[in-house]
Amino acid sequence: MKILVTGSAGFIGFHLVQALIDEGFEVYGIDNINDYYAVELKFGRLIQSGIDGQAISYGNPVKSRIWNNYRFQKLDLTDMAGLSQLFAAEKFDSVCNLAAQAGVRYSLTNPQAYIDANIQGFMNILECCRLNRIKHLIYASSSSVYGLNEKMPFSTHFGADHPVSLYAASKKSNELMAHTYSHLFGIPTTGLRFFTVYGPWGRPDMAIFLFTKAILEGKPIKIFNNGKMRRDFTHVKDIVNGIVCVLRRPAISNPKWNGSFPDPASSKVPYEVLNIGRGKPVELLEFVHEIEKSLGIVAKKEFLPMQNGDVVETWADISDLERLGYYPNIQVSDGISEFVEWYKDFYKV
């Protein structure tokens, strides 16, 4: 199959491209390489994928020097004309839409960025899938959609209608938009609610990145909610293995779906929403302790109250994805050690 991966210069997109190449797929990646965080990291990922950073210009594909079956193009999801030309020319079989404006806290101060990328951009992807008969659209949702939900573990079979950030609201909107297109046009769509992903080449706004950087610089790390936080930290390699599992099985209609008792995770049309995490929450202070062990440095800690838009705990029910053959197996201690090793090498510290 020929797969389009949007956000392929991003954290998960970069790792997904490599996994798909290893599986023998033909892959085409796009990314707008915006400056939400340091572009040197995005170019570093592209270079690691065999893409010549100096050869990148808007709208022109660049072939990988490592893999014959990978090409990259700088393109923004809001450029409908450019997307339309790309879809018409390449005849993709499936699309993995990972491009989005990320970050809960950033959405508090830059809300328009989320409307542009996550709403308008996703709308453009849906339209291109409709017009080009895409066989399967996989798209990134988020555990943040659970918002004020408190019943653990979070299950896709229970409602998630009370988001507490615009980022979360935009991701929930993507799920609703996808269902509409599955209903109207029969496009198989699968939404993946990612739970706290970490690993090498991660984003600088992620906790593990912020903590590692601050500890190495001798600066205090910020521990919100006075450390009373739990997250379903999931290594990026486990995440991409899950995406590949889903890619091989397009969403189908649920013959048992009942409109009188509607299941939010499925439908009578080819639509599905799945959690993708580790299924085992870790206390934030335990996570920090593992970073300290890997660095051999005790962190200076600044305990702060809860931030607006944040939640106390995330914990995924991954039983539906396990039935597809997904079994996350990377221990948090091993994943953190790998990240620290990558960080030191990349930043020469």
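The sulfur of C245 lies 12 Å from the closest cysteine sulfur, that of C96, which is too far for a bond. The sulfur of C96, in turn, has its closest cysteine sulfur in C129, at 10 Å, again too far for a bond. A disulfide is a covalent bond between the sulfur atoms of two cysteines, and here the term is applied to a pair of cysteine sulfur atoms within 2.5 Å. By this criterion the structure holds 0 disulfides. C96 has a relative accessibility of 1% and therefore counts as buried, where buried denotes under 20% relative accessible area, exposed denotes over 50%, and partly exposed denotes values in between (1.4 Å probe, protein chains only).

The model is predicted, with local features requiring pLDDT of at least 70 and side-chain atom pairs counted only at pLDDT 80 or more, whereas totals for chains, interfaces and linings use all residues. Residues are numbered from 1 along each chain as its sequence is written, and side-chain values use heavy atoms, with hydrogens and water left out.

The start of the chain was examined next. M1 is located in the segment before β1 (2-6); helices (H or I, at least four residues) and strands (E, at least two) are DSSP runs, numbered from the N terminus. Because its relative accessibility is 45%, M1 counts as partly exposed. When neighbours within four places in sequence are set aside, M1 is in contact with F25, E26, D93, S94 and L247, contact being defined as heavy atoms within 4.5 Å.

Backbone geometry was then considered. Most residues other than glycine have a negative phi, and most peptide bonds are trans. Against this background, M152 and P153 are joined by a cis peptide bond, with omega about -10 degrees. P153 belongs to the loop between β6 (136-142) and α5 (166-185).

For R133, a residue other than glycine, phi is near 55 degrees. This residue is found in the loop between α4 (111-131) and β6, and R133 counts as exposed because its relative accessibility is 76%. N226 is likewise not a glycine and has a positive phi of about 55 degrees. The position of N226 is in the loop between β9 (221-223) and β10 (230-231). With a relative accessible area of 44%, N226 is partly exposed.
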